[in-house]
Amino acid sequence: HSQVSSIVMCKSSSRTRRTAFAETSEPTVHFERRKTITKAHPEVKELCKPEPLTKYIAFATVAMQFAIANWAATQPFWLLFAVAYVVGATAHHSLFLAIHEFSHSLGSGAVKVNGKTLLSASSANKLLGIFSNVSITIPYFVAFQRYHLLHHSHIGEEHMDTDICGRGEAGVLSGPNVSGWRHRLNKLFMATFHLAFYALRPCLTMSSKLLQLDSWWMFNTSLVIASDILVYSYLGGARALLYLFLSTALAGSLHPCAGHFLAEHYLLPEAPAETYSYYGWLNIFSYNVGYHNEHHDFPQVAWTSLPKLKALVPEVYDTLPQCPSWPGMIYRYVMSDELSAYNRVLRPTSGKVQ
């Protein structure tokens, strides 16, 4: 109830389009709920540990994509595109979420040899994230980790949480002067090219904080570019590279798994909340990212333990609003005038990036 009450102003007429964000100065419920659950169930701390399995699945997915790219290079374009949508986009979406796990340092602990620390947990997970990035064709892990952790620590905060549209961007997409048919076309464009919005937004609004040209960024960029060159040179040329690029582009477009971008935090007028979980079967391909309330409450719980967290406190998570369908959320977002780019909770900035 505390999550809903803090944004009760979101519940206007169910058929009315929002033309302003749901602004609040109240803190997110996630931090307080974490304290409450930990106090009532101290055993939850046992779930806060890395999942070693993640790296093996991620590297197997990368290897599979390289093998398919080599095969796709000799296929007609219609078949290349179909396989890129059905198999490649699902695989790369899975890699997006493996990289998400590594960004939270949930893929490995510190690497030790003879009792001495060879790599810290942070460095080990950075390496895992960067190597999982190689088949995606675009280097992004290091920048993503930076702004995704801000999304957690400053959720909903203007200029800090770049998961939310900027005011100008929202005005163009869903402003009061945007007619109904154009509003749908605008939202369709956004849903189709969601990755471009997701990638460019932080670069344009927070570039000085995100695009730090340190050694990790240079290694990430160099390795992915080298991988692209090797694919072009030895795995089938431009068509092999096209398969991998299409797998990435389609993974963040009108693909069933991509519904999670909209389903996680867009306010539903009939059940206003800041975060929604989805418990459907598409979590199989997405490292359980659908368990999103659980993830924001306990970001140090790895994907394999999120269902255990939900089962530990059903009195909490079973009572929260849920998203029943990721592809259904894409359809509803595009076609329903009651959902707009403004259907997000927005807070004033609370502090500086550390």
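Modeller: A patch is built from residues that have over 30% relative accessible area and no salt bridge, and nonpolar side chains are joined into one when they lie within 5 Å. In this predicted model, Phe77, Phe81, Ile138, Leu242 and Phe245 make a nonpolar surface patch of about 430 Å². Two elements, α4 (77–103) and α12 (237–251), each give two or more residues to the nonpolar patch. Phe77 has its place in helix α4, and with a relative accessible area of 45% Phe77 is partly exposed.

An α-helix has 3.6 residues a turn, so residues three or four places apart point the same way.

Charged pairs come next, and a search of the whole structure finds 10 salt bridges. In one of them the side chains of Asp337 and Arg17 meet at 3.2 Å, N to O, and this pair links distant parts of the chain, 320 residues apart, with Asp337 in the loop between α17 (326–335) and β4 (345–346) and Arg17 in the loop between α1 (2–5) and β1 (22–23). Asp337 is partly exposed at a relative accessible area of 24%, whereas Arg17, at 14%, is buried. Another salt bridge joins Glu158 to Arg167 at 2.7 Å, N to O, and Arg167 counts as partly exposed at 40% relative accessibility. Arg201 forms a salt bridge with Glu169, with the closest N and O atoms 2.7 Å apart; this pair links Arg201 in helix α9 (residues 194–205) to Glu169 in helix α7 (residues 167–174), 32 residues apart. Arg201 counts as buried, at 7% relative accessibility. Salt bridges that share partners also join Glu23, Glu158 and Arg167 into one network.

As for the cysteines, a search of the whole structure finds zero disulfides. Cys257 is in no disulfide, and the nearest cysteine sulfur, that of Cys323, is 13 Å away, which is too far for a bond. Cys257 is buried, with a relative accessible area of 2%, and Cys323 also counts as buried, at 5% relative accessibility.

Conventions
Residues are numbered from 1 along each chain as its sequence is written. This is a predicted model: local features need pLDDT of at least 70, side-chain atom pairs count only at pLDDT 80 or more; totals for chains, interfaces and linings use all residues. Side-chain values use heavy atoms; hydrogens and water are left out. Patches are made of residues with over 30% relative accessible area and no salt bridge: like charges are joined within 9 Å, nonpolar side chains (Val, Leu, Ile, Met, Phe, Trp, Tyr) within 5 Å. Accessible areas come from the Shrake-Rupley method with a 1.4 Å probe; for residues, only the protein chains shown count as cover. A salt bridge is a side-chain nitrogen of Lys or Arg within 4 Å of a carboxyl oxygen of Asp or Glu. Helices (H or I, at least four residues) and strands (E, at least two) are DSSP runs, numbered from the N terminus. Buried means under 20% relative accessible area, exposed over 50%, partly exposed in between (1.4 Å probe, protein chains only). A disulfide is a pair of cysteine sulfur atoms within 2.5 Å.
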